[in-house]
Amino acid sequence: MSGALSWPFLRLYVLTLLYFSANSILNVIIPLRGESLGASNTTVGFIMGAYLFTTMFFRPWAGHMIQKHGPIRVLRMILMINGFALILYTLTGLGGFLVARILQGVSTAFFSMALQIGIIDALPEKDRSQGISLYSLFSYIPGIIGPLLALGIWQSGDTNYFTAAMVAIALITGVFGFSAKMDKEAAPPVPDPAEQRASMFKSFGQLVQNPHLFKCSVLMLVASIVFGAVTAFIPLYAAQLKSGHAGIYLMLQAGTVVLARFALRKKIPSDGKWHSSFIMGTMLLLAAAAECVGFSMTGGAIFFYAGAVLMGTAQALLYPTLTTYLTFVLPQANRNVLIGLFIAMADLGVSLGGVVMGPVADISSYSLMYTVCAILGASMIVVAYDRGKRLSGPNEEAGLPK
């Protein structure tokens with residue numbers, strides 16, 4: 001095998017699977033633990049949201065540091081912080097969970113940027129979308145088994161199982177990560193630090209000035225709010241349904257992401273063109289998924305699980321499509337930092353899905369909260385529409401249409 005399926009890249013995908021295994025367990029344990037301690041939806045959403053809010057904040061800096069030092073060196077350093085955060089979960093309560101979520105957020109900012117930038121830089125253009133899709137696919141594989149494992153740990157009432165799982169994931173990920181390599185990884189340049197800092201902060205303005213980055217960021221932000229609301233509250237919402245099971249829902253959603261990303265990896269556009277119909281259809285799937293979840297309180301489990309499949313399909317398609325498009329149209333000089341900003345918008349959206357939608361659920365209900373998510377998703381169909389086929393070239397100055 002060659003390209004995105006060559007052995008060095010397969011090792012990176014397995015590392016991704018190991019790294020995100022902890023999250024598939026924590027995304028269930030933390031809400032259940034919070035509810036058992038009497039925490040409100042607002043508090044649970046805040047703790048869940050702290051993880052990716054921190055990740056969002058550090059992503060642009062991560063892109064800058066990786067460009068300066070190279071992805072492998074940064075990766076090895078960050079795995080130690082991640083291991084400490086996972087062990088901290090086993091020693092503390094909700095307050096410690098918040099600290100651990102913040103530390104894990106810092107780790108994830110550098111981890112995901114190191115792997116994605118390394119993959120983008122090492123693969124030829126025609127294989128970029130496959131590489132990004134496979135990276136994203138392996139980050140979702142733990143979600144197939146993790147939620148059921150987490151519910152088993154929770155229902156057993158034995159905290160030793162949780163401790164053993166976190167320590168094992170921390171150790172195995174660290175050992176595997178320190179041996180990871182990337183073929184074709186070039187020695188990083190050594191630019192002037194003052195110029196790099198000025199360039200990084202100047203890049204923040206491109207989030208609004210660059211029309212391609214702006215469009216993709218808005219779409220990803222709103223979609224991620226919906227994804228975040230599912231992650232934070234499905235374990236609690238499912239308990240209110242007569243025949244709903246959080247583990248089955250999350251397993252179906254993650255399984256759909258994995259299957260769709262693998263089966264459709266060659267269908268993800270990788271030509272630098274804006275495919276309006278493709279992206280509009282994806283946002284329609286997202287809106288339908290959220291509405292199915294919200295309606296399941298009345299319609300029953302069939303809508304609940306249908307929402308999982310539709311949500312997983314939308315997740316499988318949207319992120320790699322937008323990320324691959326940006327690798328073509330963003331200026332090469334500060335592409336890594338700008339992609340970091342885009343991914344930061346995804347992190348912010350997931351964080352807001354917990355922080356903002358938690359109070360909505362407290363004031364109204366989970367069902368209405370997911371209907372609000374559906375309305376947000378549907379509104380993005382208009383944003384996704386564009387008559388142009390290719391809005392800029394890869395070497396063009398940011399924000400100046402061709």
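Confidence in the chain, given as pLDDT (the predictor's confidence in each residue, from 0 to 100), is lowest in helix α8 (residues 193–203), with a mean of 53, and highest in helix α16 (residues 366–384), at 94. Over residues 183–194 the pLDDT is below 50, and this stretch has 13 contacts in the model beyond near neighbours in sequence, where contact means heavy atoms within 4.5 Å. Residues 389–402 also stay under 50, and for them the model has 33 contacts beyond four places in sequence. The average pLDDT of the chain is 82, and 88% of the residues score at least 70.

This is a predicted model, in which local features need pLDDT of at least 70 and side-chain atom pairs count only at pLDDT 80 or more, while totals for chains, interfaces and linings use all residues. Residues are numbered from 1 along each chain as its sequence is written, and side-chain values use heavy atoms, with hydrogens and water left out.

**Overall make-up**

The chain has 16 helices and 0 strands; helices (H or I, at least four residues) and strands (E, at least two) are DSSP runs, numbered from the N terminus. Of the 402 residues in the chain, 58% are buried, a term that means under 20% relative accessible area, with exposed over 50% and partly exposed in between (1.4 Å probe, protein chains only). Among the contacts in the chain with a separation of 6 or more, 85% are between residues 24 or more positions apart.

Helix α14 (residues 335–355) has 21 residues, which at 1.5 Å a residue should span 30 Å, and its end C-alpha atoms are 30 Å apart, which agrees; the expected span is 1.5 Å times one less than the number of residues. Of the 21 residues in α14, 18 are buried, so that the helix is mostly covered.

**Aromatic rings**

The whole structure holds 14 aromatic pairs, counted where rings of Phe, Tyr and Trp (its six-membered ring) have centres within 6.5 Å, with planes under 30 degrees apart taken as stacked, over 60 as edge-to-face and the rest as tilted. One of them joins tyrosine 19 and phenylalanine 20, whose ring centres are 5.1 Å apart and whose planes lie at 80°, so this pair is edge-to-face. Tyrosine 19 and phenylalanine 20 are both buried.

Another edge-to-face pair is formed by tyrosine 237 and phenylalanine 304, at 6.2 Å centre to centre and with 70° between the planes. Because tyrosine 237 lies in helix α10 (residues 211–237) and phenylalanine 304 in helix α13 (residues 301–329), this pair ties together parts that are 67 residues apart in sequence. Tyrosine 237 and phenylalanine 304 are both buried, and they belong to a cluster in which ring pairs link Phe233, Tyr237, Tyr249, Phe304, Tyr305, Tyr366 and Tyr370.

A charge is found over a ring as well: arginine 11 lies over the face of phenylalanine 176, at 5.0 Å from the ring centre, the criterion being NZ of Lys or CZ of Arg within 6 Å of the ring centre and within 35 degrees of the ring normal.

**A salt bridge**

A search of the whole structure finds 1 salt bridge, defined as a side-chain nitrogen of Lys or Arg within 4 Å of a carboxyl oxygen of Asp or Glu. The side chains that meet in it are those of lysine 215 and aspartate 386, at 3.8 Å from N to O. This pair links distant parts of the chain, with lysine 215 in helix α10 and aspartate 386 in the segment after α16, 171 residues apart. Lysine 215 counts as buried at 14% relative accessibility, whereas aspartate 386, at 23%, counts as partly exposed.

Serine 21 is found in helix α1 (residues 7–36), and its C-alpha atom is separated by 9.5 Å from that of threonine 173, which is 152 residues apart from it along the chain. Methionine 56 is found in helix α2 (residues 41–69); from C-alpha to C-alpha, methionine 56 and glycine 349 are 9.3 Å apart in space, although 293 residues apart in sequence. Threonine 327 lies in helix α13.
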